[in-house]
Amino acid sequence: MSASRSSGIADAIGPEEGPGPEGAVLLAALLDGMDAALCAFDARGTVTHWNREAERILGWNAAEAVGRTGFAGWAVRSADAEDVQRRLMSAMDTPGRQVHEFALLRKDGGRVLVRTQSSGVRGPDGAPAGVYCAFSEVHAQIDLERSIALSEALLDDASWGVALVDVDLRPAVLNAYAARALGGGRTTLLGRPLGELIVQGVEELQGALQHVLAEGAPPAPAELWVTVRSAEGVRRRCWRSGFLRLVSPLAEEPVPLGVGWLFRDVTEAKLAEQEADRLRFRSNQLHRASRQAAECQDPMEAATSSLDYALAGFADHVLVDLLVGERLVRAAATPSAAPGPCLPVSGGSIPVRYAPGHLALQAVERTGTVRTSARTGAGETWAVERQWPRDAVHALCAVLRSRGRTLGVVTFLRAANRSAFERPDALYAESVAARVASAVDLAQLTAPPVP
């Protein structure tokens with residue numbers, strides 16, 4: 001038998017009549033197939049077992065090791081031999097496992113630091129029969145411990161989300177951050193389809209996970225916008241995500257075990273970035289509008305030109321209604337059926353018959369900006385009743401004021417594919433309205449008197 005002899009500890013481990021030839025071959029094969037180095041000593045300290053991993057680490061094969069007494073004279077320095085032998089054999093009389101670190105000698109004369117785990121073996125009569133010892137190089141053990149420690153730290157409460165997703169795209173392990181982000185507990189979310197946790201954006205996430213399973217990890221992190229359910233309600237979040245394909249280290253062929261998904265919530269940073277980009281663009285549009293208006297000889301052309309610049313990325317339609325006496329009169333507008341520039345109405349100004357409480361009348365009454373949106377399912381009737389283009393769903397009216405006087409109202413309209421007007425939009429609309437009001441005031445001052 002290559003890895004051990006069939007007496008001593010082999011007899012103690014096997015049945016009372018000994019392992020027999022077949023049992024000895026099986027035991028040798030099992031020992032040689034182990035990933036850990038293993039050796040064993042009988043009660044007298046003689047080496048009885050020595051597997052291939054022990055040979056790989058120290059260079060001594062089983063034929064050279066089995067039958068030797070202890071490590072003295074071949075696998076350990078003479079000065080250390082007695083201490084090493086005493087500490088190893090002490091496991092025979094001590095319950096449980098003992099862990100030691102020794103500097104052993106390789107066959108080529110080099111030294112290697114190993115960490116050993118040794119336990120005593122008892123015979124059929126319960127008497128101490130020897131010691132078996134598993135050992136590995138310290139640096140390999142430390143690497144393993146580091147890997148385990150890293151895994152535990154990541155899956156405990158890291159400052160970013162860590163999720164292990166199985167091949168069915170269901171969460172298998174979540175750390176605390178990931179559980180909070182998905183709106184549940186670390187155990188209650190396990191095994192549930194991602195579609196139950198994510199309201200919108202789940203298709204993009206599942207597509208990324210499937211790509212990683214099939215092709216491997218992408219070269220750079222991806223930013224995914226999702227809408228998730230939580231105790232506070234539905235929230236839209238942006239997760240900067242990285243992915244790792246997990247494969248079994250024990251299989252001959254790479255077998256996917258799932259995907260390691262690491263992500264961090266960057267919603268606030270992305271919203272701030274978007275807001276900065278939006279402010280930069282709008283400021284640039286106002287600057288371009290001012291330069292264009294300065295080249296216009298007709299003040300009303302300057303007003304409509306300013307509105308054309310304001311519409312870009314802001315609204316789909318714009319209407320300009322001016323006060324003539326107590327009534328609002330349509331002075332300029334964009335086409336109602338298709339996108340186009342803001343132009344004076346053909347054939348002269350047309351009075352508009354707004355019903356009491358209309359948003360434009362509210363802006364004039366309050367001398368300020370007002371916003372509204374159609375209720376869900378209102379359809380085209382909502383816009384038609386207010387004399388707006390049929391596709392209008394969101395509206396914002398800003399009053400035109402110049403030299404302490406109200407000159408009219410400018411109305412911005414958005415279709416259903418855009419979000420509702422918010423407070424920052426109102427501030428921008430007021431800036432545009434101030435420029436338009438100045439141009440309208442100049443147009444009225446320079447207009448020829450009505451005969």
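Modeller: Before the helices, one definition: an axis here is a line fitted to C-alpha atoms, for helices over the stretch in contact, and angles run from 0 to 180 degrees between N-to-C directions. Please also keep in mind that this is a predicted model.

Biologist: Okay, so at what angle do the axes of helix 10 and helix 11 cross?

Modeller: The axes of helix 10, residues 267–294, and helix 11 cross at roughly 160° and come within 9 Å. Angles over 145 degrees count as roughly antiparallel, and helix 10 and helix 11 are therefore roughly antiparallel to each other.

Biologist: Which residues in helix 10 and helix 11 meet there?

Modeller: From helix 10 the residues are Gln285, Arg288, Ala289, Gln292 and Ala293, and they meet Ala302, Ser305, Ser306 and Tyr309 in helix 11. By class, this contact of helix 10 with helix 11 divides into four nonpolar residues, four polar and one charged. As for handedness, helix 10 passes helix 11 in a right-handed crossing.

Biologist: And how do the axes of helix 11 and helix 14 cross?

Modeller: Helix 11 (residues 299–311) and helix 14 (residues 423–446) have axes that come within 7 Å and cross at roughly 165°, so these two helices are also roughly antiparallel to each other. Helix 11 passes helix 14 in a left-handed crossing.

Biologist: What classes of residue make up the contact of helix 11 with helix 14?

Modeller: In helix 11 the residues include Met300, Ala303, Leu307 and Ala310, and among those they meet in helix 14 are Tyr428, Val432, Val436 and Leu442. The contact of helix 11 with helix 14 has 14 nonpolar residues, two polar and no charged ones.

Biologist: Switching topic, which residues touch the most other members in the largest nonpolar core?

Modeller: That core has 33 residues, and those touching the most other members are Leu307, Val320, Leu400, Val410, Phe412 and Val432. Two or more residues come from each of helix 11, strand 12 (317–324), strand 13 (327–333), strand 17 (394–402), strand 18 (405–414) and helix 14. The largest share, ten residues, is given by helix 14.

Biologist: What does Val432 touch, leaving out residues up to four places away in sequence?

Modeller: With those left out, Val432 touches Leu286, Leu307, Ala310 and Phe412. Apart from this core lies another one, of 28 residues, including Ala62, Val84, Ala91 and Val114.

Biologist: Now the loops: is Leu169 buried or exposed?

Modeller: Leu169, which is in the loop between strand 6 (161–165) and strand 7 (171–174), is buried, with a relative accessible area of 9%. Its backbone has a positive phi of about 65°, although Leu169 is not a glycine.

Biologist: And Arg403, what is its phi and where is it?

Modeller: Arg403 is in the loop between strand 17 and strand 18, and it has a positive phi of about 50° although it is not a glycine. Arg403 is exposed, with a relative accessible area of 58%.

Biologist: Last one, what is Thr334 in contact with?

Modeller: Thr334 is in the loop between strand 13 and strand 14 (343–344), where it is buried with a relative accessible area of 8%. Leaving aside neighbours within four places in sequence, Thr334 is in contact with Leu311, Asp316, His317, Val318, Gly340, Pro341 and Cys342.

Key
Residues numbered from 1 in each chain as written. Predicted model: local features only at pLDDT ≥ 70, side-chain atom pairs only at ≥ 80, totals over all residues. Heavy atoms only, no water. Helix = DSSP H or I, 4+ residues; strand = E, 2+ residues; numbered from the N terminus. Parallel < 35°, antiparallel > 145°, perpendicular 65-115°, else oblique. Left-handed = near helix turned anticlockwise from the far one by under 90°. Contact = heavy atoms within 4.5 Å. Nonpolar A, V, L, I, M, F, W, Y, C, P; charged D, E, K, R; others polar. Core = buried A, V, L, I, M, F, W, Y, C linked by side-chain atoms within 4.5 Å. Buried < 20%, exposed > 50% of the residue type's maximum accessible area, 1.4 Å probe, protein only.
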